[in-house]
Amino acid sequence: MTSQEKTIAVGSLQWFYREAEPLNASDKPPVVLLHGLPSQSYSWRHVLPALANQGFRAIAPDWIGFGFSDKPDRRDFAYTPDAYITALADWLQALKLDRFSLVVQGFVGSVGLQYALRHPDQIERLAIFNAPLSPDAKLPWKMKQLGLPLLGDMLTQDPLLVDRTLEGGGGYQVEDKDLDVYRRPFLKSSDAGRALLAVVKNLQLTNALSEIQSGLATWQQPTLIAWGSRDPWLPVATAQAVVSSLPTAEFVELEEVGHYPQEDWHEKVNEALLTFLRRQIV
């Protein structure tokens, strides 16, 4: 089974997303998967069908400004966490997703975490893969430089930045046929680079992480925190510290896996995620 590529207009924004549906109708809550920076929904290509094979409807969008979704001018879309949270709420509503399990990964995926904390009644279960969780998390230099004046303008127009970041996050080589998909938006138009520059400049990470830390302190829904231990940017010890303070969370260490677990070693992601989603809630 493979996922289908779809688009939907929500207000003035055109969203691209990938969806895998189970062969038989199921009453299991759907699963929404959000990618990190500077990735796209393509990173979940091996996870979506694995979820569908187990009876879950699985949907992964390209964030606005990424992949094959719209890349509006920053005068029309602010590229701040709040702008993304509002846009995500509108997209979920357009797809009539009112209760679902949420999977987030990486920087920008952290915006999905903020959404969950603001809308706990919509979240069945929460799975976090290598995303910033505490105020001591820092945007790595490899990403931070993409938002700097002049340097960022130049770097974000180079399609090879995707290769360098995806491979720098785990030390694994990404196959050329996959890199072709990741690079395509940057080769197609300068809008992809301009959007990425705007995202990095407007991440507001300090405020976001303060909200995430305080929100997780009272979080009640079943939560999986799964961590690629080879992540050079977000150390596994940070994730373990967060888990120890969360009564509803379980921790899985993904050995030999980096910052982009679904790209580095999707089999380990599938195993951890499916075990978590299938477990009975006591």
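**Close-up views of a predicted model**

View 1. Asp231 sits in the loop between strand E7 and helix H10 (236-244); helices (H or I, at least four residues) and strands (E, at least two) are DSSP runs, numbered from the N terminus. This is a predicted model, where local features need pLDDT of at least 70 and side-chain atom pairs count only at pLDDT 80 or more, while totals for chains, interfaces and linings use all residues. Residues are numbered from 1 along each chain as its sequence is written, and side-chain values use heavy atoms, with hydrogens and water left out. With a relative accessible area of 7%, Asp231 is buried (under 20% relative accessible area, with exposed over 50% and partly exposed in between; 1.4 Å probe, protein chains only). Leaving aside residues up to four places away in sequence, Asp231 touches Asn130, Gly169, Val257, Gly258 and His259 (contact means heavy atoms within 4.5 Å). One of these, Val257, is 26 residues from Asp231 along the chain, yet their C-alpha atoms are separated by 7.1 Å.

**View 2. Thr165 and the covered side of H6.** Look for Thr165 in helix H6; at 2% relative accessibility, this threonine counts as buried. Its contacts, not counting residues up to four places away in sequence, are Pro38, Lys142, Met143, Trp233 and Tyr260. H6 (residues 160-168) also buries Leu161, Val162, Asp163 and Leu166. The cover over the buried residues of H6 includes helix H4 (141-144), helix H5 (151-155), helix H7 (176-188) and helix H8 (191-201).

**View 3. H6 meets H7.** The axes of H6 and H7 come within 8 Å and cross at roughly 135 degrees; axes are lines fitted to C-alpha atoms, for helices over the stretch in contact, and angles run from 0 to 180 degrees between N-to-C directions. The two helices are therefore oblique to each other (angles under 35 degrees count as roughly parallel, over 145 as roughly antiparallel, 65 to 115 as roughly perpendicular and the rest as oblique). On the H6 side the contact uses Leu160, Leu161, Val162, Asp163, Leu166 and Glu167, and on the H7 side Leu179, Tyr182, Arg183 and Phe186. By class, that gives seven nonpolar, no polar and three charged residues (Ala, Val, Leu, Ile, Met, Phe, Trp, Tyr, Cys and Pro count as nonpolar, Asp, Glu, Lys and Arg as charged, and the others, Gly among them, as polar).

**View 4. H2 across H3.** Helix H2 (residues 81-94) and helix H3 (residues 109-118) have axes that come within 9 Å and cross at roughly 65 degrees, so this pair is roughly perpendicular. H2 passes H3 in a right-handed crossing. From H2, the contact takes in Pro81, Asp82, Tyr84, Ile85, Leu88, Ala89 and Leu92; from H3, Val111, Gly112, Gln114, Tyr115 and Arg118. Sorted by class, the residues of this contact are eight nonpolar, two polar and two charged.

**View 5. H3 from all sides.** Nine of the 10 residues of H3 are buried, so this helix is largely enclosed by the rest of the structure. The cover over the buried residues of H3 includes E3, H2, strand E5 (100-105), strand E6 (123-129) and H9.

View 6. Strand E7 (residues 223-228) pairs with E8 in the parallel sense over six bridges, and Leu224 has Glu250 of E8 as its bridge partner.

View 7. Leu37 and Pro38 are joined by a cis peptide bond, with omega about -5 degrees; Pro38 belongs to the loop between strand E3 (31-34) and helix H1 (47-53). Tyr79 isn't a glycine, but has a positive phi of about 60 degrees. Tyr79 lies in the loop between strand E4 (58-61) and H2 and is buried, at a relative accessible area of 1%. Gln204, not a glycine either, has a positive phi of about 50 degrees. Gln204 lies in the loop between H8 and helix H9 (205-217) and is partly exposed, with a relative accessible area of 40%.

Methods
Two strands pair if DSSP finds at least two bridges between them. A crossing is left-handed if the near helix is turned anticlockwise from the far one by less than a right angle, and right-handed if clockwise.
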